[in-house]
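Please keep the sequence and the model in view while reading.

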Amino acid sequence: MEQPAGGRRPRLVSSLALGQRAWEVTLEWERGLLSWRDPQPPRGNCFVPASEIIAVEETEIEKQCSSGKWQKMAKPHAFTVYYVKRAQKHRWQCNEVTFWCVDEQLCNQWIQALKELLELQKSRPKQLLVYINPYGGKQQGKRIYEQKVAPLFSLASISTDVVITEHANHAKDNLFEVNIYKYDGIVCVGGDGMFSEVMHGLIGRIQKDSGIDQNNPKAPLVQCNIRIGIIPAGSTDCVCYATVGVTDPVTSALHIIVGDSQPLDVSSIHHNNTFLKYSVSLLGYGFYGDILKDSEKKRWMGTIRYDFSGFKTFLSHHYYEGTVSFLPAKHTLGSPRDKKRCRTGCYICRQSKQQPEEQQKNYGLEHNGDDWKVIKGKFLAINAVNMSCACPRSPKGLSPAAHLADGSIDLILVRKCSRFNFLRYLVRHTNQDDQFDFTFVEVYRIKKFQFTSKHLEDSDSGVKDVGKKRFGQFCRDHPACCCNLSNSIWNCDGETLDSSAIEVRVHCQLMKLFARGIEENSNDEAIYNQSTVEQLL
C-alpha cells in the first residue's frame with residue numbers, strides 16, 4: 001500500500017493474479033478509479049470508475065495453475081468485481097473480472113476497500129418500487145423483469161417491492177396510496193403508456209402533497225426528486241430510446257443501478273382551467289393524431305397497426321384549420337435548426353436551469369403584448385415536442401436538436417401542401433437532410449402555446465351549419481376523402497386527447513429519470529481497454 005500525501009487516503013496497490021498471470025491492480029480513492037495493468041507489455045491497461053462498479057463479492061475459485069496443481073501451501077482467495085461494460089450502439093452489459101491471491105488478509109482488504117468505495121456512491125438506489133405491465137407490447141414485461149432485471153438488482157443489493165398491474169391506471173392510482181417517500185425511485189416495466197401512467201401518478205402525488213392545484217394552468221409545479229426508471233417492454237419505447245439511446249432492458253437496469261440522473265422537461269396541458277394531461281415527448285395534432293385514432297381501433301393487429309394506419313392517414317391527406325398562439329423561448333440557448341443535439345451533460349440544458357426564476361415568471365400566460373405570436377392557417381400537422389422523439393425508424397426524430405431539459409418545446413407547423421411534398425417531408429425523418437427546409441414547414445422554440453380549431457372558433461361565434469359548409473369545401477379539395485370530421489385529435493405521448501382547444505406550458509426539469517442522456521459515440525480505445533481482459537483469458 002502506498003503512503004498518502006497530505007493526509008489523504010492511500011492508494012491500494014497489489015500484485016494479484018488474473019487468469020494465469022500476475023497483474024498490478026490499483027485502487028485510487030481520490031479519483032475513484034480501479035485499474036489493472038499487465039507489467040509485461042504490450043498487454044495493456046484496464047480501468048473502471050467506481051461510479052460504474054456494480055458489486056464486489058468474495059468468490060470461490062477452482063484450484064488450477066499452469067502446472068495443473070497448486071503448491072500445497074497455496075490456498076487461493078479471490079474476489080470478483082462486477083462492472084459496466086459499454087458495447088455498440090449505447091448498449092451496456094454487466095461484465096466481471098476475478099482477482100485472486102494466496103493472502104487471505106490481502107483479499108479481505110481489497111473486498112472491504114471496494115465496498116467502502118461503493119458506499120460513497122450516494123446517488124445509488126437501495127429500495128425501489130417496481131410496476132410491471134404484463135399486458136403491454138408482446139406481453140413479455142414480467143418475463144423480462146424476472147429474467148434480465150431482477151438478478152441485476154439482487155446483485156447490486158437493491159431491495160424491491162413489485163406490483164403487477166391488473167388494469168388501466170392501476171399504477172397511477174396506487175401511487176396516490178403508498179408511501180412513496182420511503183423509496184429511492186419508481187421503476188416501470190412496459191412501454192410509453194406505462195411510463196406515462198407512472199409519471200402522472202408521481203407528479204400528481206407530489207402536487208397533491210404540496211397543496212398545488214393542477215387545474216390552475218399558471219400554478220408553479222413542485223419538482224419531483226424521486227427518479228423514474230424505465231425498463232422497456234412495450235410496443236413503443238420512445239422515451240427510453242430518447243434518454244438512453246437504446247431500448248435494451250439490461251442497459252436500462254444498469255443505469256438504474258449506478259444511480260444515473262437525467263432531468264426532464266414536462267408539458268402540462270389544460271382546457272378551460274381544467275387539467276388534461278402531461279406530456280414529455282410528442283403532442284401531435286392532425287397527421288399523428290389521426291394515425292393514433294385509427295390505430296386504436298386495430299390493436300388486434302399488433303405493432304403493424306401503426307404502419308397500416310400511417311399509410312391510410314397519408315392517403316387521406318386531411319388538413320385542419322385553426323389558430324396557434326405561442327410565446328417564443330427568447331432566453332433559451334440554441335435553436336431547433338442549430339444541429340446541436342442533446343447529449344450527456346448537455347451544456348444547453350445546464351445553462352437553461354440556471355436562469356433566474358424571476359426571469360422565467362416574466363413570461364407567464366398572463367403576459368400580454370407583442371411577445372406572443374399568432375398564426376392562423378390550414379395545417380396537415382401540428383407537432384409540439386419536448387425531446388427529439390428519435391426512434392429506430394427515425395434516428396433523428398421529429399426535431400433532432402430538441403433538448404431534454406432546457407425548459408422549451410419545439411413547435412413544428414406543417415401547412416397544407418401537396419401529398420407529394422408531404423411525402424418528401426416525411427422521408428426527411430429517415431435521412432440526413434434538413435427536414436425543416438421546406439416552405440410549408442415552420443419550426444419555433446417556445447415556452448407556451450395555445451391552439452383553437454377553426455370549427456370551435458366558428459361555433460363560439462354562433463356560425464351555424466359550419467360543418468356542412470366546410471365539408472363541401474373539404475371534399476372539393478380532396479375528392480378521394482369520405483370523412484366529414486372537421487377536427488383531429490391530439491396524440492399525447494401515444495394516448496388520445498380529444499379537446500380541440502388546449503393551453504400548453506412547459507415546466508423546466510420537473511422530473512428526473514434514471515438515465516444520463518445519450519452518450520457521445522463510444523471511443524474505440526475505451527472499449528478496447530475494457531475488453532482487454534476477456535481477450536487475454
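**A guided reading of the model**

R343 lies in the loop that runs between β15 (320–328) and α9 (347–353). Helices (H or I, at least four residues) and strands (E, at least two) are DSSP runs, numbered from the N terminus. The structure is a predicted model, in which local features need pLDDT of at least 70 and side-chain atom pairs count only at pLDDT 80 or more, while totals for chains, interfaces and linings use all residues. Residues are numbered from 1 along each chain as its sequence is written, and side-chain values use heavy atoms, with hydrogens and water left out.

R343 has a relative accessible area of 22% and is therefore partly exposed; buried means under 20% relative accessible area, exposed over 50%, and partly exposed in between (1.4 Å probe, protein chains only). Which residues does R343 contact, leaving aside its neighbours within four places in sequence? They are I518, E519 and E520, where contact means heavy atoms within 4.5 Å. The C-alpha atoms of R343 and G517 are 5.6 Å apart in space, although the two residues are 174 residues apart in sequence.

The loop between β15 and α9 also holds K339. The phi angle of K339 is near 65°, a positive value in a residue other than glycine. With a relative accessible area of 72%, K339 is exposed. A positive phi near 65° is also given for C389, again a residue other than glycine. C389 belongs to the loop between β16 and β17 (409–415). Is C389 buried or exposed? Its relative accessibility is 14%, so C389 counts as buried.

W372 is located in the loop between α10 (357–361) and β16 (373–385). W372 is buried because its relative accessible area is 14%. D434, in turn, occupies the loop between α11 and β18 (441–453). Its relative accessibility of 30% is the reason D434 counts as partly exposed. Apart from neighbours within four places in sequence, D434 is in contact with R337 and R428. The C-alpha atoms of D434 and R337 are 8.3 Å apart, and these residues are 97 residues apart in sequence.

The text now turns to helices. Two packed helices are described by the angle between their axes and the distance between the axes. The axes of helix α7 (residues 287–295) and helix α8 (residues 304–316) come within 8 Å and cross at roughly 130°. That angle makes α7 oblique to α8. Here axes are lines fitted to C-alpha atoms, for helices over the stretch in contact, and angles run from 0 to 180 degrees between N-to-C directions. Angles under 35 degrees count as roughly parallel, over 145 as roughly antiparallel, 65 to 115 as roughly perpendicular and the rest as oblique.

On the α7 side, F287, D290, I291, D294 and S295 meet R305, Y306, S309, G310, K312, T313 and F314 of α8. This contact of α7 with α8 contains 4 nonpolar, 4 polar and 4 charged residues. For these classes, Ala, Val, Leu, Ile, Met, Phe, Trp, Tyr, Cys and Pro count as nonpolar, Asp, Glu, Lys and Arg as charged, and the others, Gly among them, as polar. Helix α7 is mostly covered, with 8 of its 9 residues buried; among them are Y288, G289 and L292.

Helix α8 has a further partner. Its axis and that of helix α11 (residues 419–427) come within 10 Å and cross at roughly 145°. F314, L315 and S316 in α8 meet R419, F422, L423 and L426 in α11. By class, the residues of this contact are 5 nonpolar, 1 polar and 1 charged.

The chain as a whole comprises 14 helices and 21 strands, and buried residues make up 53% of its 537 residues. The average pLDDT is 85, and 83% of the residues score at least 70; pLDDT is the predictor's confidence in each residue, from 0 to 100. Over residues 522–537, pLDDT stays under 50. Where pLDDT is low, the predicted coordinates should not be read in detail.
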